[in-house]
Every structure is written in C-alpha cells, then in structure tokens.
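Hi everyone, thanks for coming. I'd like to walk you through one model today, so please have a look at it on the screen.

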Amino acid sequence: MANTLESPKSKPNLPQRMQNAQQQAADWMQDSQFWTSIFRPGSIFRKGYTDSPRNRSYVIMNSVLYHLHPVKVKRHAVKVSYTLCLGGLSFFLFILLTITGIFLMFFYRPTDTAAWADIESLHTQVAFGLLVRNMHRWAAHLMVLTVFLHMARVFYHGAYKAPREFNWVIGVILLKLTLLLSFTGYLLPWDQLALWAVTVGTNMMGFTPVFGSQVRFVLLGSQDIGSETLLRWYVLHVLMLPFVIVIFMAIHFWRVRKDGGISGPL
Amino acid sequence: MTEIPEHLLRRSAEARARATGAPAPGEGDAPAAAQPGDDDGVTIPRSLLEASQQPGGAPAVAGMAPYGTAQAGSAGAGGPAAAGGGVATTLPPLMAGPAGNTHRLLTVVKSGSIQDVKASPGDKVHVWPHLLAAEFTAALFITAFTLVFSLFINAPLLELANHNETPNPSKAPWYFLGLQELLTMFDPMIAGVTIPGVVLVLLGFAPYIDKNPSQRPEDRKFAISVQTIHLMFWAVLVIIGSFFRGQGFNFTYPWDTGLHGIFHL
C-alpha cells in the first residue's frame, strides 16, 4: 500500500510528465532570443519576473505604456470613487468603436442605392454582423454619455482650474468632436430615421448667420441630403473626424501628465 | 516609508559592516566580532577607540586582533596583514576628546537651509499594478456591458430613406433634441445658433471666466449652481424632446401614446 502511494515520486505519471514538458517548453521559449527581444527587462512576461518595486517601475518604463502613464501616480489618483473612470471609459469606448467600425466598413458602401441594402444584408448574411452593428451603435450612444458625464465630473471637482485651464478647452473640443462623430454616423444606415434626423439637424445649421447656407451646402454636398452627402459624411465619420479626435486625445492625455497628474482631492 | 529594494538594503548593510570592521552578516565566522551594544551607530565603537588609544604598534595590533583575524585569516596572510595594521596605528590620535572622540560636533544644520528641496516625495503608488489593474477591469466591464446589451437589444433599422415621406414626428438624434426643443420656443436664429453658440463659448472659456482658485465645493457655490442649472437645462429639454413630444412635435405623455414612433436611439 505504501509503495503505491510513493510510486508517483519515483516515476512521474502522465499528467505530471505533461506538466514537466510544458514547463520545459515555456522555459525554452522564455529563454529564446525571440522572446527576450520582444519583452524588455521588467516585462511581466519575462522569465523570472518577481513583484519588486524595481520591476513594477520597469513594467511602465520599459513598455509603450510609458507614453500614457508615469511610473508612479499620487495615491489619490487611483481612487475610482474620484474619477469614476469616466475619461478612461470614454477612451475604451472609442477603441471599441474603432474595432467594430473597421469590421462594419468591410460590408458597407456609402451610396444611396447600396447603403441600406448593405446594412440589411449585414444583419442577415454576415456572421455576427448584427451583433457588431449593435455594439457599434450602443457604444456610440454610451460614449456621448460618458464624455458628457466626464465633463460634469471635471467641472464639479474644479479640476479645470490652473494649471489645467487649457486641458479643459481641449476637453470641450473633444466633446464637440464626439457629438460630430456620432451625428455623422447617424446618417450612414440610410433609413428613414437617419435621413430625417439629419434633415432636422442640418436645417438648424442653415440658420447660421452670414454663411449659413454655404456651410450647409459644403456639408451636404448639394442642396438636399443625397448620395453626395452620404459619401461626405462617410469620409468624415471613418477618416477625418477620427484622425482629428486622436490628435486632440493625444494632447489631452499628455497635458494630464504635464499639468501634474489628475487634480487633487477636494 | 517608501519601498527600498532588497539589493540596496543588502549593499548598505555590507558597507556598514565594512566601515565598522565587523564582517557583514552571513559572511564568514568572526567569533570576537559580535559585540552587541558596542556600536550604537552614533559614536565610534568603544572597542575601536580602545584599540586606537593603545600606545605603540604591537599592542594596537593585539587590540585589533579580534577583528584582524577574520580578515587576515581569510586572506591567508596573517603576518603581513597584522604588520600593515601596526603601521596604521603607530601614532595615537593627536586631538582625542575626553570621551575618546576624535570629532567635535560644531552645529546641526537642517537640510532645508542649505538644500532647496523642490519635490516632496508625497504619497505615491506604482501605476502597475494599482492603476493598470483598475483600468483593465473598467475596459473589460464596459466591453462586457456593451456586448450583453447588444445581444438582447438590436439597433434600429427603419425602412429605406424616402425623401417623399416625412415621418411624424421627425426628430434629431437624442443629444440634439434639446436644440430641437428650443426651436419650438424661439426663432431659429436664436434657438439654433445664438444659444448653443454662446453656451459652447462660455463652456470652453470657463477656466478663464471662473477666477476663483479654490476647488472646495463650499467655496464654489456660484459656479456649481450655474453649472448645475445649465446641465439640468439641457437634460430636461432632452427628456421632454425624447419622451414628451409626439405627432407634429406636440406635447404628449409617453404613458398615453407609448414610445413607439416617438423615441429612437
């Protein structure tokens, strides 16, 4: 009886041998030049990573995250009850919208004859097409909400005061760009909802003094909403506005650090 | 205290041990070296002082012996090493104080008076893992929420766009319904251009208008009141425009007519 209990020690059984082989393979992989060239010293994926203060610093310092975060922040700055993570959530939603949006671009043509039918076939013919379109739409509405709430949070904390005045201005520009991104995307399904919502919205633009009708003409590409409008708003939605908003986001995040991290407690 | 890396602690312990002449902890066996209480870290250890005050070289070597044996013995050259120690201590200290101290404390200078310390260490935490873990969790949460919501509720897709058939009511996207609501009250020039324009400019220049340096809510009653009224103004208009405007954009109650055809996202 005792022998049967001790036998695994003398001769490893199959699961143990598989585990050993797995460990050896992992060690070989992590020792290889290929692996160490990808993960810089201090990476949590390197062999022998230990949780030490130096390695905690290296995780940030030796990775691309150093462009976004410093090595250390004020203890107060990581309190979720202060920021509610609203700025971060807005950024994550933007990334989610970019990923789902790229997926949608594969199945969509911005012409008045093809657009609606493409969305229709996306629902019925494309694997996960409806799901991804749903995610794109709900994430877009959610992002408008989180950006708005982020603005309110920052105001109520008085976080726009010196030295953060300019970053508030950038933030208001980002809020407007978010609304424009959402509004340009609203037209693209080319259904009754899209056409008439945009009709109501662009009619308001026409009331701009002096150059109102010119602004409206440039945005619509004609006197009425049509195929030209669809193409213009598509390019605005998938290329130009994302390009502009990424630049402003980069300045926004960079200024958060340059202005001394997020604002202090009340 | 901030976290001091283990290798630095070990290095400083070795340096201290070298300075006091005692071997570093865990480095060889020195039977006579361990004299607890001898080195209090402030004054020169009594055993060292005694050694230095021995007249002549040979007794000094004898006095140093307990320390010398550990080093010289390990070096494997006891004779020359002991002779070297004798050379160093042939002359007694010229100006030893009454307590045997060879240094006098003139004054204590606080660091702030000669060093300009700009950055205070403060209370900081590592971004990894404290901030990144929270951010990663938030990203997972918002992705999961969007995914689950999208599994159950479909984005609207009405009939093909038709220029000849105006839906009743025709509504802008929900975030512009405040503006559309204003259009029912004011001239389009005022509702569509002046009010939103002024509001956006004021909002953008808020930091330059609000000169109050305080961040404390009790010092900012006016700013907080104005902003709350402003945000509530839009929220109420958007809610009315979304849920309380039916056929012909006339006022209605959603519980009377239902949301069908009135509200789209």
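This is a predicted model: local features need pLDDT of at least 70, side-chain atom pairs count only at pLDDT 80 or more; totals for chains, interfaces and linings use all residues.

Residues are numbered from 1 along each chain as its sequence is written, and chains are lettered from A and ligands numbered from 1 in the order in which they are written.

Now the interface as a whole. Taking contact to be C-beta atoms, placed from the backbone, within 7 Å, 68 residues of chain A are in contact with 60 residues of chain B. Which element of chain A gives the most to that side? That is α8(A), with 14 residues. By class, the side of chain A that touches chain B has 44 nonpolar, 14 polar and ten charged residues. Here Ala, Val, Leu, Ile, Met, Phe, Trp, Tyr, Cys and Pro count as nonpolar, Asp, Glu, Lys and Arg as charged, and the others, Gly among them, as polar.

So let's look at α8, residues 129–156 of chain A. This helix packs against α6 of chain B, residues 127–152, at about 120 degrees, with the axes 8 Å apart. Axes are lines fitted to C-alpha atoms, for helices over the stretch in contact, and angles run from 0 to 180 degrees between N-to-C directions. That angle makes α8(A) oblique to α6(B); the cut-offs are under 35 degrees for roughly parallel, over 145 for roughly antiparallel, 65 to 115 for roughly perpendicular, and oblique for the rest. Among the residues making the contact are A:W138 and A:L142 of α8(A) and B:F149 of α6(B). The contact residues divide into eight nonpolar, three polar and no charged.

Finally, within chain A, α9(A) packs against helix α12, residues 227–258, at about 160 degrees, with axes 9 Å apart. That makes α9(A) roughly antiparallel to α12(A). Their contact residues are 18 nonpolar, seven polar and one charged. Thanks, all!

How values were computed: Helices (H or I, at least four residues) and strands (E, at least two) are DSSP runs, numbered from the N terminus. Two residues are in contact if their C-beta atoms, placed from the backbone, lie within 7 Å.
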